[in-house]
Amino acid sequence: NEAGEKMREEAAALALEDLLDWLVSEGQIAVLDATNSREKRRELIWQTIQQRSPDINILFIESVCDDEYMLEENFRSKIK
């Protein structure tokens, strides 16, 4: 769904801007908890942070699930 994808991208961009506003003003550590599994989205996050505040260190943590039952339940929840 193209409209839904656009809304998710906009929400993700706003969340990142909020995170950066907080880090630049008073924060030291922040977690952007999101689905950033696509390389394109991770690159956009990286570029946005580097443009806004290049002295911020970035760490991507990937969680991998190979439990077939959990994956199946996750897939089913997405198609409801």
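Predicted model: local features only at pLDDT ≥ 70, side-chain atom pairs only at ≥ 80, totals over all residues.
Let's start with the core. The largest nonpolar core is built from seven residues: Leu16, Leu19, Leu20, Leu23, Ile45, Ile49 and Ile56.

Of its 13 lining residues, the closest to the centre are Ala12, Ala13, Leu16, Leu44 and Ile45. H1 gives the most to the lining, six residues. Sorted by class, the lining has eight nonpolar, two polar and three charged residues.

Now for the charged pairs. Side chains of opposite charge can pair when their charged atoms come close. The model has five salt bridges, and the table shows some of them.

| Salt bridge | N to O distance | Relative accessible area |
|---|---|---|
| arginine 41 and glutamate 9 | 2.6 Å | arginine 41, 14%; glutamate 9, 27% |
| aspartate 21 and arginine 52 | 2.4 Å | aspartate 21, 39%; arginine 52, 35% |
| glutamate 72 and arginine 76 | 3.1 Å | glutamate 72, 36%; arginine 76, 43% |

Arginine 41 and glutamate 9 meet in a salt bridge that links distant parts of the chain, with arginine 41 in H2 and glutamate 9 in H1, 32 residues apart. Arginine 41 counts as buried because its relative accessibility is 14%, under the 20% cut-off. Glutamate 9, at 27%, counts as partly exposed.

The salt bridge between aspartate 21 and arginine 52 also runs from H1 to H2, so it ties together parts that are 31 residues apart in sequence. Glu17 joins in here too: Glu17, Asp21 and Arg52 are linked in a network of salt bridges.

Glutamate 72 and arginine 76 are a local pair, both in helix H3 and four residues apart, about one turn of the helix. Glutamate 72 is partly exposed, and arginine 76 is partly exposed as well.

Last stop: is serine 53 buried or exposed? Serine 53 is buried, since its relative accessible area is 11% and the cut-off is under 20%. You'll find serine 53 in the loop between H2 and H3 (68-79). Its side chain makes a polar contact with the side chain of aspartate 55, at 2.7 Å. The C-alpha atoms of serine 53 and valine 31 are separated by 16 Å, with the two residues 22 apart along the chain.

Methods
Residues numbered from 1 in each chain as written. Heavy atoms only, no water. Core = buried A, V, L, I, M, F, W, Y, C linked by side-chain atoms within 4.5 Å. Buried < 20%, exposed > 50% of the residue type's maximum accessible area, 1.4 Å probe, protein only. 1 Å grid on protein atoms, 1.4 Å probe; cavity = no way out; pocket = protein on both sides within 12 Å on 5 of 7 lines; lining within 4 Å. Helix = DSSP H or I, 4+ residues; strand = E, 2+ residues; numbered from the N terminus. Nonpolar A, V, L, I, M, F, W, Y, C, P; charged D, E, K, R; others polar. Polar contact = N/O pair within 3.5 Å; in protein donor to acceptor, adjacent residues only side chain to side chain. Salt bridge = Lys/Arg side-chain N within 4 Å of Asp/Glu carboxyl O.
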